[in-house]
Amino acid sequence: MMTTEAGPRIAILGGGIGGLAAAAFLRDKGFHSDVYEQAPALTAVGAGLVIAPNAARLLRRLGVLDRFVERAVQMEIGWEFRRWENGTVLSAENLQDGCKRLYGEHTYAAHRADLLNALRSAVPEDSLHLGRRCVTVEFEGDQAVLRFEDGETVRPDILIGADGVHSRVRSAIVGPTQARESGICAFRALVPARKAPEFARRRAQTLWIGPDHHLVHYPVSGGEYVNLVAFAPAGASSVESWTATATLEELLDEFDGWDPRLVELIRSADTPGRWALLDREPLDHWNRGNATLLGDAAHPMFPFFAQGAAQAIEDGAVLALCLAEDPKSPSAALGRYEELRRRRTARLQEVSHGRSHINHLPDGPEQQARDLAYSQADALRANGWIYEYDPEVAVSASV
C-alpha cells in the first residue's frame, strides 16, 4: 500500500463518539485523518451515557478530560438496584472511593453532546467534513472506495468504518447481514433538575428493575438535567432511530403500578425518544483489505453494561497505537488492532446481552434469588457485574 510523505491517507466514515475518538487518537500519534459525517452539524442528538474509568483514563491521556468534566457529573453511587414496586435498594456500589482506588479514575455521567464536544476539541477543524453522505462503499481488490451523494469519490489508504449499527462499511466488509429485533425497545428523556425529586438529583446511577422492564436515571449536564432511559417490550411502532419519539403517556403506561416516586419522575420528563434495540452476534472478523471497523459498526452492544461509548473510545486508542507501531504496514497494523480488540468486545457484547434477562425477571423464585445475590456484600463484583479489568484483554491501560 502506498502512503503519502505525511503518512497514510486515513478516512473515517462517521463523526460520532467512535469516529471522533479515532481521529483524536490518530492526531495524538501524528496522523491526519478526514472524518466524513452525513449530519450537517454535530448536534445534541441522543441523551445520557456513563463514562466508566476505562474510558475516563483514555480521555485524560488524550488531554480532554478536564474539558469533559466541566459538564459531566462525577458519580458517587453506581449500580444502585431498586425493586420496581417500592424502591427497596437491593444493592449499591460506592463509586466515590472504589473507582479511583481500583481503576485510577472516577466514573462520570454526561450528556452525549458534552462527550462529543470534548472529543471534537482534540480534532482539527480541517479534519471534519460535515454534511457528507456516503451512498456506497465498495472494494476494488483490497482498495476501499467511498462514493458520496455529491458525486465525490474517495480512495483512502486506510478506511475506518465508524458509521454505526447500520454501517455501510460493515456491509462491504462482511456482506449484508440483517440485524435481529431483540424484542426490547428503549425510551430516553430528560427531566429538568428543578422538576425532579431529590432522590433522582443525587450523584447516583440508579436502576429500577421489574418484570419485563427496567429504568435507569442519573444527573447529566452539570446537574441541570436528570437523564432517563427505560426499557420495555417492543411494540409494532418501535423503530431503530435516534429521532423517533413516543408520548409521555406511552412511557407512563409502561410503568403503571411502579413506585409512585418513580412515576412522579417520569411525569416531569420531556417528550421521550423511542427506539428498538437491534441484536447482532459478535463478528469473527471486521477487516478487509485496507478497511476496518470500530464502535457500533464492529460490535453493537446492548446498553445494559454502560460500555458502548467506552468501547468505541478504546477502539480508537488501540487502532492509533497499532498504526503508530507499524506505520509502514497499515494492513498489518489493522490486523493487530482487530486481534487485540475482538475478544474483549465480543465478551462485553455477550455480558451486556445477558443482562436483559437478569434485569427483567418476573416476580418469583428466580427473581428472589437474584435479589438475594444483589443484597450480599460484593455480589456485583464477584459475579462480574461491575467494571471488569482483565489484563489479558483490556489493553487500554497501556495505550
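The crossing of helices α1 and α10 is right-handed, a crossing being right-handed if the near helix is turned clockwise from the far one by less than a right angle, and left-handed if anticlockwise. This is a predicted model, in which local features need pLDDT of at least 70 and side-chain atom pairs count only at pLDDT 80 or more, while totals for chains, interfaces and linings use all residues. Residues are numbered from 1 along each chain as its sequence is written, and side-chain values use heavy atoms, with hydrogens and water left out.

**Helices α1 and α10**

- The axes of α1 (residues 17-28) and α10 (residues 308-325) come within 8 Å and cross at roughly 30°, which makes α1 roughly parallel to α10 (angles under 35 degrees count as such).
- Ile-17, Gly-18, Ala-21, Ala-22, Phe-25 and Leu-26 of α1 meet residues of α10 that include Ala-309, Ile-313, Gly-316 and Leu-323, where contact means heavy atoms within 4.5 Å.

**Strand β5 and its partners**

- Six of the seven residues of strand β5 (residues 77-83) are buried, so β5 is largely enclosed by the rest of the structure; buried means under 20% relative accessible area with a 1.4 Å probe, protein chains only.
- Strand β6 (residues 89-94) runs antiparallel to β5 and is joined to it by four bridges, with Val-89 as the bridge partner of Arg-82; strands pair if DSSP finds at least two bridges between them.
- In the hairpin of β5 and β6, five residues lie between the strands, and Gly-87 takes a positive phi near 75°.
- Strand β14 (residues 204-210) runs parallel to β5 through five bridges, and Ile-209 in β14 is the bridge partner of Arg-83.

Definitions and conventions:
Axes are lines fitted to C-alpha atoms, for helices over the stretch in contact, and angles run from 0 to 180 degrees between N-to-C directions. Helices (H or I, at least four residues) and strands (E, at least two) are DSSP runs, numbered from the N terminus. Angles under 35 degrees count as roughly parallel, over 145 as roughly antiparallel, 65 to 115 as roughly perpendicular and the rest as oblique. Buried means under 20% relative accessible area, exposed over 50%, partly exposed in between (1.4 Å probe, protein chains only).
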